[in-house]
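Colleague: I have a few questions about this model. Could you show it to me before we start?

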Amino acid sequence: MSDIRHNWTREEILEVYNTPLLELVFRAATIHRQYNKGSEVQVSSLISIKTGGCSEDCGYCPQAARYNTEVKAHKLMSVDEVTQYAERAKSGGASRVCMGAAWREVRDNRDFDRVIDMVKAVNEMDMEVCCTLGMLTEHQAQRLADAGLYAYNHNLDTSEENYSNIIGTRTYDDRLNTLKNVRKTNITVCSGGIIGLGETAEDRCGMLHTLVNLPQHPESVPINALVAVKGTPLENQKPVEIWEMVRMVATTRIVMPKTVVRLSAGRQQMSLEGQAMCFLAGANSIFTGEKLLTTPNPEFDEDMEMFKTFGLTPKTPFQEGRPAVKQEVLNA
Ligand code: SAM
Ligand code: DTB
Ligand code: SF4
């Protein structure tokens with residue numbers, strides 16, 4: 001069995017990425033089955049708890065206030081609304097709910113108090129709870145942990161070199177700092193990126209290089225294909241080819257053998273055959289339900305039908321338990 005490594009070089013990762021496609025898929029599929037149950041897929045559902053009106057300038061995002069998109073801004077949902085969505089997600093087969101807010105960062109105010117109540121309420125429904133709320137301080141991360149948060153999603157999105165071409169209102173170091181704050185608690189880390197922003201293969205591998213050389217690999221890595229939304233600066237990007245998605249998933253699986261690799265945004269545009277290749281190449285998680293945050297996504301029933309066709313089963317929640325906080329991370 002190949003060891004879990006933290007010393008991959010960029011060149012090595014790029015070499016993996018550029019392996020002849022079927023060879024790459026075979027290698028990733030083999031590693032996937034050595035480390036994980038090949039037929040099990042973790043199922044998450046997204047809830048946009050606060051939509052639009054965001055102060056940031058992320059070039060891909062329909063929720064940035066400065067772009068003229070069709071997204072209607074919506075203030076923070078009530079705890080009841082969230083639990084109703086979560087019920088629906090649970091009965092649709094999801095074991096995790098991911099709550100997203102169009103915020104630059106969390107502020108210590110009543111809205112955050114309400115998010116804490118949402119985390120507690122969904123946790124009590126025996127589902128894993130994930131949040132993606134922008135930048136966090138150490139204290140805020142600890143409050144979320146104390147409320148029972150299972151995972152925090154905070155994407156690097158692309159390579160450090162390419163970051164400022166896509167986002168100008170914060171830096172790569174800001175992102176890494178939040179990941180560090182999350183790591184100081186027992187919340188699991190979910191961090192990945194987007195392909196199709198106009199980046200090179202080197203950028204894709206550069207992002208993986210940063211993730212793989214963190215003191216601990218993220219427990220999950222979402223791979224999004226850009227959903228090019230009208231009104232955003234990236235509205236005219238050409239869609240990524242399925243082969244690029246397969247390559248990215250396979251490379252992620254090879255360099256992070258035990259990490260959950262999530263086939264995230266862009267599934268609505270993928271064929272069933274394309275998705276099958278991604279599962280074979282090591283993807284073992286999806287977002288399900290008719291909407292991602294603001295854009296369409298396959299519905300619960302469609303996905304369960306797909307699982308039946310492929311012989312996949314949804315993973316039950318809390319199989320891994322919560323990770324212990326490592327002393328070396330606290331001292332870093
Ligand atoms: N505001 C918080 C933040 O930026 O961290 C949380 C929500 S934000 C929408 C979460 C992630 O969604 C982004 O980091 C990005 O990776 C992804 N995302 C946003 N818009 C997207 C799009 N049009 N296509 C693909 N992924 C997208
Ligand atoms: C992630 O990596 N992808 C999800 C989740 N984390 C928050 C979000 C995708 C958003 C796609 C565009 C939209 O629906 O607004
Ligand atoms: Fe705001 Fe997050 Fe969208 Fe960036 S990705 S504009 S921070 S909601």
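Modeller: C278 is buried, with a relative accessible area of 0%. Keep in mind that this is a predicted model.

Colleague: Which cysteine sulfur is nearest to that of C278, and how far away is it?

Modeller: A disulfide needs two cysteine sulfur atoms within 2.5 Å. C278 is in no disulfide. The nearest cysteine sulfur lies 16 Å away and belongs to C205.

Colleague: How many disulfides are there by this rule?

Modeller: The cut-off is 2.5 Å between cysteine sulfur atoms. By this rule the count is zero.

Colleague: Is C54 buried or exposed?

Modeller: Buried means under 20% relative accessible area. The value for C54 is 10%, so C54 is buried.

Colleague: Which residues does L133 contact, leaving aside neighbours within four places in sequence?

Modeller: Contact means heavy atoms within 4.5 Å. On that basis, L133 is in contact with I49, M99, A101, W103, E105, V106, V115, L144 and Y152.

Colleague: How much of the area of ligand 1 does the protein bury?

Modeller: A nitrogen atom of ligand 1 is 3.2 Å from a polar backbone atom of A101. An oxygen atom of ligand 1 is 2.9 Å from an N or O atom in the N155 side chain. Alone, ligand 1 exposes 550 Å², and the protein buries 91% of that.

How values were computed:
Residues numbered from 1 in each chain as written. Chains lettered and ligands numbered in written order. Predicted model: local features only at pLDDT ≥ 70, side-chain atom pairs only at ≥ 80, totals over all residues. Heavy atoms only, no water. Polar contact = N/O pair within 3.5 Å; in protein donor to acceptor, adjacent residues only side chain to side chain. Areas by Shrake-Rupley, 256 points an atom, 1.4 Å probe, with all protein chains shown as cover. Buried < 20%, exposed > 50% of the residue type's maximum accessible area, 1.4 Å probe, protein only.
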